[in-house]
Amino acid sequence: MTSIRIILLISCLSISLNLNATNKDSVAVRKAATEFVTAFNTFDWPTFRKAFTDDATIFFPFWERARRVGGRTDFESAWTTIFPEFLDPNNKTRLQIDPKNLYIQIYGNTAIVTFHLGDGKISLSRRTLVMIKEKRKWRIAHLHASVVSDE
């Protein structure tokens, strides 16, 4: 009887520790995603580029960039071509990226962050960030951006 209680206690502790780790990771993932969006809104290039892994891949929502972009050199070139504001030290432009319906799923050292942009009346932008935990920091390994409309 005592051994059953010990096994149950260990099982409960194990579940509790796992939930606490998941909760801490959820907070850390949300923080990393928020820092990414803030860096994007303010065109803070050093912070923005550090949000990605070196081998990150991206699907942009533009027909002109319909193919997957991968690797630091290619995706940095793409970002700075689309948004030259990142490299302009005198830039005062600010974006108004405001994620809605943020949802985080964590699977070990991988997190999936999804959210919507816009009001969804005529079109709706969707974003997915696949994040991985590297050296206790959550970084984007893949960004998928898409837009849907009623047309």
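Leaving aside its neighbours within four places in sequence, which residues is Asn41 in contact with? In this predicted model, the partners are Thr93, Arg94, Leu95, Gln96 and Ile97. Asn41 sits in helix α1, which spans residues 2-42. Its relative accessibility is 14%, so Asn41 counts as buried; the cut-off is under 20%.

**Sheet**

Six strands form an open sheet with mixed pairing. Their order is β2-β1-β6-β5-β4-β3. β2 and β3 are the edge strands, and each pairs on one side only. β3 runs antiparallel to β4, with six bridges between them. Tyr107 has Thr110 of β4 as its bridge partner. Helix α3 packs on the sheet and touches β1, β2 and β6. The direction of α3 makes about 55° with that of β1.

| Element | Residues |
|---|---|
| β1 | 52-59 |
| β2 | 69-70 |
| β3 | 100-107 |
| β4 | 110-117 |
| β5 | 123-134 |
| β6 | 137-149 |

**Core**

The largest nonpolar core holds 33 residues. Those with the most contacts inside it are Phe36, Phe48, Phe52, Trp79, Leu129, Met131 and Leu143. At least two residues of this core come from each of α1, α2, β1, α3, β3, β4, β5 and β6. α1 gives the most, with seven residues.

Phe36 has its own set of contacts. Neighbours within four places in sequence aside, Phe36 is in contact with Phe48, Ala51, Phe52, Leu129, Ile140 and Leu143.

Note on methods. Residues are numbered from 1 along each chain as its sequence is written. This is a predicted model: local features need pLDDT of at least 70, side-chain atom pairs count only at pLDDT 80 or more; totals for chains, interfaces and linings use all residues. Side-chain values use heavy atoms; hydrogens and water are left out. Two strands pair if DSSP finds at least two bridges between them. Helices (H or I, at least four residues) and strands (E, at least two) are DSSP runs, numbered from the N terminus. Contact means heavy atoms within 4.5 Å. Axes are lines fitted to C-alpha atoms, for helices over the stretch in contact, and angles run from 0 to 180 degrees between N-to-C directions. Buried means under 20% relative accessible area, exposed over 50%, partly exposed in between (1.4 Å probe, protein chains only). A nonpolar core is a set of buried Ala, Val, Leu, Ile, Met, Phe, Trp, Tyr and Cys residues joined through side-chain atoms within 4.5 Å.
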